Amino acid sequence: MTKNREVAQALEEISLLLQIEGKDKFKSLSYARAARSITGLGEDIENIRDRGELTNVPGIGKAIADKIESFLDTGEIKLLVELRERVPVKVWELEAIPDVGPKTISLLYRELGVTDLVSLEEALDAGKLEGLKGMGKKTISKIADGIKIARAGASRTLLAEAMPIANRLVERLSRISDVNQAVVAGSLRRRRETIGDIDILVDASKASKIMDAFVGMEDIADVLVKGPTKSSVRTKDGLRIDLRVLPTESYGAGLQYFTGNIDHNVKLRAIAKTKGLLLNEYGLFRNDEQVAGQGEEGIYDALGLDYIPPELREDMGEIEAAQEGKLPKLIKLEDIRGDLHTHTDQSDGKNTIDEMLDAAVEKDYEYYCVSDHTQSLTIANGMDEAHVLKRIEEIDELNASGRWKMKILKGAEVDILAHGELDLDDSVLDQLDIITLSIHSRMKDTKQVMTERVCHALESKYAHILGHPTGRLLLKRPEFEIDMEKVFETARHNNVVMELNAHPQRLDLNVGNLRAAKRWGLRIAINTDAHRTGELDYMQYGIFQARRGWVEKYDVINTLPPKELMKSLRK
Ligand code: DGT
Ligand code: CA
Ligand code: CA
Ligand code: ZN
């Protein structure tokens with residue numbers, strides 16, 4: 001769904017600029033509605049357009065459909081270009097200020113000529129906001145704080161970068177006397193792939209003492225806002241952190257609320273309402289009496305729901321499943337018995353096979369597959385047939401030595417070539433235990449070419465696992481164009497396992513694809529793709545992602561004992 005977001009953003013910008021211009025309120029609203037509708041689409045807008053069905057989408061009439069087509073064809077919409085000239089306001093920059101919406105932006109622009117954060121700051125410093133309609137002292141100081149927040153929060157961070165920083169702070173907070181408990185909430189607790197800001201909650205009575213200690217911690221570079229029970233800071237790594245102190249009696253309710261996501265919370269509140277209850281961040285109430293909220297479980301229980309693990313709280317069907325007692329029994333890290341995709345210094349890894357095996361034994365693995373790159377991947381020092389054969393012999397010897405109390409599996413990460421051929425001769429493939437097939441080249445192939453290429457490879461009798469199936473690198477490179485439904489169908493026919501690559505920058509499959517793979521009855525391998533010993537720890541991120549994708553133990557092949565694992569890969 002590559003273009004949907006861009007199209008929605010363009011329409012939304014039109015709506016905002018129209019609103020700021022203040023001439024046609026109705027037109028502005030209709031663009032906003034169309035943008036929302038596209039955001040919620042379950043299908044690629046380009047497909048809908050190809051079928052000529054744009055006007056069937058709710059909120060899209062002929063006029064807006066024309067604009068979408070123009071955007072898809074040329075990357076531009078004439079109306080937007082004209083609007084940007086007439087109203088030169090950087091709406092996205094100003095919208096990033098909390099509590100500042102189109103109304104305020106419009107007021108600031110028309111009365112003071114504010115167009116971006118810099119000119120807003122100048123107006124603020126010159127005292128020009130005072131005396132504007134509806135601009136009290138409190139609102140003005142909120143905007144001043146908000147500018148800092150908008151500046152700091154412009155980007156997202158990988159979960160794996162944010163998590164150690166958050167854990168360190170939580171641990172330090174926990175050690176302050178008077179603190180009963182400290183914990184992360186927000187997207188980090190939901191284990192999203194990327195994090196906007198870190199939310200930390202503290203259960204304590206003396207809030208001001210905690211605030212003082214927190215803003216003085218050594219990782220903190222800037223204090224953006226410091227209030228009696230809430231502070232926002234920026235760390236030296238440039239991460240934003242919101243800290244909130246909650247009283248013990250509403251700690252669970254606060255944790256539930258600040259874990260989110262918003263859509264999940266909104267639905268819970270609606271359910272509370274149908275039961276004559278009121279749910280907010282302070283507790284669950286009947287009239288004025290608190291019926292739950294000290295713990296999170298009590299809230300779900302009182303609402304007639306099974307406890308919903310944080311990773312599922314995205315309003316993607318989990319609330320309905322919890323009502324019917326049909327939540328999945330999510331996979332856990334302890335369920336994993338081995339790693340099936342790893343590298344050594346024989347291709348582009350940093351450690352020797354011995355070092356990698358020592359590290360794997362530390363994890364109590366029962367098996368471990370060594371899967372270095374193959375010849376066509378020259379930048380990764382890929383192995384040719386002779387090299388692989390030598391490796392096979394070596395692993396036979398290592399297994400025979402009994403030095404490692406686990407089965408060492410002979411593998412390779414075989415490149416999928418231009419037309420779906422495999423990058424090693426069949427006679428060599430035939431001697432390997434587990435073969436992972438991956439795309440590392442020609443990632444700009446058209447959707448049709450890429451789909452045919454991958455599917456052709458999956459039809460090989462040597463195809464065991466499809467490695468990082470969409471090729472994305474988070475915050476860096478989008479998924480390549482590929483028809484995943486076709487891929488899943490072909491994999492199903494050929495008994496090929498889908499990899500969930502646990503590298504924090506990949507986490508490939510994404511959540512939507514994991515759930516689709518499950519619907520197809522496919523099995524998954526959660527592998528680290530480790531290139532050095534420390535990266536074997538990436539398994540935990542794979543588990544987080546799997547849980548977000550509703551994956552259960554029996555969906556995953558590397559939870560099986562060694563014999564069953566090998567049996568399950570048979571063609
Ligand atoms: P992020 O930081 O962009 O990765 O995502 P979150 O989910 O951590 O979002 P954040 O930090 O803005 O807020 C943390 C949680 O607080 C969010 O998941 C739900 C809750 N929350 C924040 N604002 C609202 C709101 O206006 N309404 C409701 N119902 N919940 C909110
Ligand atoms: Ca957050
Ligand atoms: Ca936050
Ligand atoms: Zn690899």
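Which residues coordinate the zinc ion (ligand 4)? Select ligand 4 and look at His 341 (NE2), His 343 (NE2), Glu 413 (OE) and Asp 529 (OD), at 2.1 to 2.2 Å. Donors here are N, O and S atoms within 2.8 Å of the metal, or 3.2 Å for Na, K and Ca; water is not among the atoms, so sites may look incomplete.

Before moving on, note that this is a predicted model: local features need pLDDT of at least 70, side-chain atom pairs count only at pLDDT 80 or more, and totals for chains, interfaces and linings use all residues. Residues are numbered from 1 along each chain as written, chains are lettered from A and ligands numbered from 1 in written order, and side-chain values use heavy atoms, without hydrogens and water.

**The zinc site**

Stay on ligand 4. The angles among its four donor atoms run from 85 to 173°, and the site is irregular. Along the chain the donors follow the spacing H-x1-H-x69-E-x115-D. Now pick out His 341, in the loop between strand 11 (338-339) and helix 17 (353-362), and Asp 529, in the loop between strand 17 (524-527) and helix 23 (539-548); this pair is 188 residues apart. Helices (H or I, at least four residues) and strands (E, at least two) are DSSP runs numbered from the N terminus. His 341 is buried, with a relative accessible area of 0%. Asp 529 is buried too, at 5%. Buried means under 20% relative accessible area (1.4 Å probe, protein chains only).

**The calcium pair**

Next, select ligand 2. This calcium ion is coordinated by Asp 197 (O), Asp 197 (OD) and Asp 199 (OD), at 2.2 to 2.6 Å. Its six donor atoms make angles of 68 to 165°, again an irregular site. Asp 197 and Asp 199 are buried.

**Ligand 1**

Now show the 16 residues around ligand 1 (a heavy atom within 4 Å). Among the closest are Ser 187, Arg 190 and Arg 269. Draw the distance from the Ser 187 side chain to a ligand oxygen: 2.5 Å. For Arg 190 it is 2.9 Å. Asp 199 places a polar side-chain atom 3.0 Å from an oxygen atom of ligand 1.

Technical notes: Four donors count as tetrahedral if all angles lie between 85 and 135 degrees; four count as square planar and six as octahedral if opposite donors are over 155 degrees apart and all others between 65 and 115; anything else is irregular. Buried means under 20% relative accessible area, exposed over 50%, partly exposed in between (1.4 Å probe, protein chains only). A polar contact is a pair of N or O atoms within 3.5 Å; within protein, one must be able to donate a hydrogen and the other to accept it, and residues adjacent in sequence count only if both atoms are side-chain atoms.
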